[in-house]
Amino acid sequence: MRLSGKKVIALVDEEFEDLELWYPVYRVREEGAEVHLAGYEKGKTYIGKYGVPALAEYSFEELRSKDYDGILVPGGWAPDKLRRYDKVLELVREMHEAKKPIGQICHAGWVLISAKILEGATVTSTPGIRDDMENAGAIWKDEAVVVDGHIISARRPPDLPPYGLAFCDALAQSKS
């Protein structure tokens, strides 16, 4: 259990991409990490694009980045909502400044764009937001997974196996 003792935030909001939330959450848990689902409203059940529920165990406001080792941002339409919360952007920026693993897949890049942390970073995303990523200063690659230091990015659900592994590898190598 190489991730025992590690704690990760998984962000949720309405219409998250079901697999892009749950696959990484379970993958990280399988290796021993504790994952806390966080939404705008604690105790609310958010529903994914395909109907899978996710209960927010914490509200964004309750979280402090210093208490966590990494953060997962799912894709789907949730990132367009998540990027509107100042606390989400603050958490992402603080994780970035501390060089803690930030996992983003598909449309999750929108959150990193709004947090203004992509200047000079090499990333991937769904091709649909490639222009957005590049306009934010990122170097975009059409690859299943791109790891640039502590930022781990993937394109879409078929890339989940290598994405999950890359995020777990980064978390295992990070300092607690």
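Predicted model: local features only at pLDDT ≥ 70, side-chain atom pairs only at ≥ 80, totals over all residues.
Figure 1. Residues are numbered from 1 along each chain as its sequence is written, and side-chain values use heavy atoms, with hydrogens and water left out.

**Figure 2. The whole protein.** The protein has six helices and 11 strands. Its radius of gyration, taken over C-alpha atoms, is 14 Å, close to the 16 Å that the globule rule gives for 176 residues, so the protein is as compact as a globular protein of that length. The globule rule is 2.2 Å times the number of residues to the power 0.38. Of the 176 residues, 55% are buried, meaning under 20% relative accessible area (1.4 Å probe, protein chains only).

**Figure 3. The largest nonpolar core.** A nonpolar core is a set of buried Ala, Val, Leu, Ile, Met, Phe, Trp, Tyr and Cys residues joined through side-chain atoms within 4.5 Å. The largest one has 59 residues, and Ile9 and Val28 have the most contacts inside it. Helix α6 (residues 160-173) gives the largest share of this core, seven residues. Apart from neighbours within four places in sequence, Val28 is in contact (heavy atoms within 4.5 Å) with residues including Leu3, Val8, Leu72, Phe167 and Leu171.

**Figure 4. Helix α6 and its cover.** The 14 residues of α6 reach 20 Å from first C-alpha to last, close to the 20 Å expected at 1.5 Å a residue; the expected span is 1.5 Å times one less than the number of residues. Buried residues of α6 include Leu160, Tyr163, Phe167 and Leu171. Among the elements that cover the buried residues of α6 are β1 (7-11), α1 (18-30) and β6 (70-73).

**Figure 5. Helix α1 and its cover.** With 13 residues, α1 reaches 18 Å from its first C-alpha to its last, close to the expected 18 Å. Among its buried residues are Asp18, Trp22, Arg27 and Val28. The cover over the buried residues of α1 includes β2 (34-39), β4 (53-55) and α6.

Definitions and conventions: Buried < 20%, exposed > 50% of the residue type's maximum accessible area, 1.4 Å probe, protein only. Helix = DSSP H or I, 4+ residues; strand = E, 2+ residues; numbered from the N terminus.
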